[in-house]
Amino acid sequence: MKAMFKEFKEFMMKGDVLDMAVGIVIGGAFTAIVKNVVDGLITPLIGFVVSLITGTKDLEGALSVLDWTPVKGVTFQFGLVISAIITFIITGFVLFMIVKAANKAKNIRKVEEEKAEEATPAPTAEDYLAEIRDLLKEQAK
C-alpha cells in the first residue's frame, strides 16, 4: 500500500501533471470569460444583424427567429447552439495561440541549451592520454 502511495506521489510531482492541472484551471477560467463575452457582446450583435435582416424590432426575440418548434412544447434553440459554437471556436483559438507561444519558448530554450552544450567541447583522445600520462607520472614519484 505504501508503494502505491509513493508511486502516486511521484506521478503527481512530475512537471507534466502539474502543468496539465494548471492548464485545466486556466482553461476553465478563460472559458467563463469567453462565454460572457459571447453572451454579452457577440450574441446581441448577431441578434441585431438578424433583426435587421428579418425586420423584427425586438432585439431580445431576434434570435428566437432561429428557434424551431416542430411539435407543441418542444423547441430547438439554435441561437444557443450558435453561441456555444462561437464560444468553443474562440476558446480553442486562443488556447491554440497560447500553446503555440509556449512551444516556441520551449524550442528557444532547447536551442540555447544545445548551443551551450556545443560551446564546451567534448574531451578528445589526446586529452585522455595526457590525463593518463599525468597520473602515471604522479604514481612514479
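A polar contact is a pair of N or O atoms within 3.5 Å; within protein, one atom must be able to donate a hydrogen and the other to accept it, and residues adjacent in sequence count only if both atoms are side-chain atoms. The structure is a predicted model, in which local features need pLDDT of at least 70 and side-chain atom pairs count only at pLDDT 80 or more, while totals for chains, interfaces and linings use all residues. Residues are numbered from 1 along each chain as its sequence is written, and side-chain values use heavy atoms, with hydrogens and water left out.

A polar atom of the serine 51 side chain lies 2.6 Å from the backbone oxygen of phenylalanine 48. Serine 51 belongs to helix H2 (residues 15-54); helices (H or I, at least four residues) and strands (E, at least two) are DSSP runs, numbered from the N terminus. Because its relative accessible area is 5%, serine 51 is buried (under 20%; exposed is over 50%, partly exposed in between, with a 1.4 Å probe and protein chains only).

Helix H3 (residues 78-119) holds glutamate 114, which is partly exposed because its relative accessibility is 40%. Isoleucine 85 also lies in H3 and is partly exposed, because its relative accessible area is 45%.

A nonpolar surface patch is formed by Trp68, Val71, Val74, Phe76, Phe78, Val81, Ile82, Ile85, Phe88 and Ile89, with about 970 Å² of accessible area together (Shrake-Rupley method, 1.4 Å probe; for residues, only the protein chains shown count as cover). Strand E1 (68-71), strand E2 (74-76) and H3 each give two or more residues to this patch. H3 gives the most, with six residues. Patches are made of residues with over 30% relative accessible area and no salt bridge, with like charges joined within 9 Å and nonpolar side chains (Val, Leu, Ile, Met, Phe, Trp, Tyr) within 5 Å; a salt bridge is a side-chain nitrogen of Lys or Arg within 4 Å of a carboxyl oxygen of Asp or Glu.
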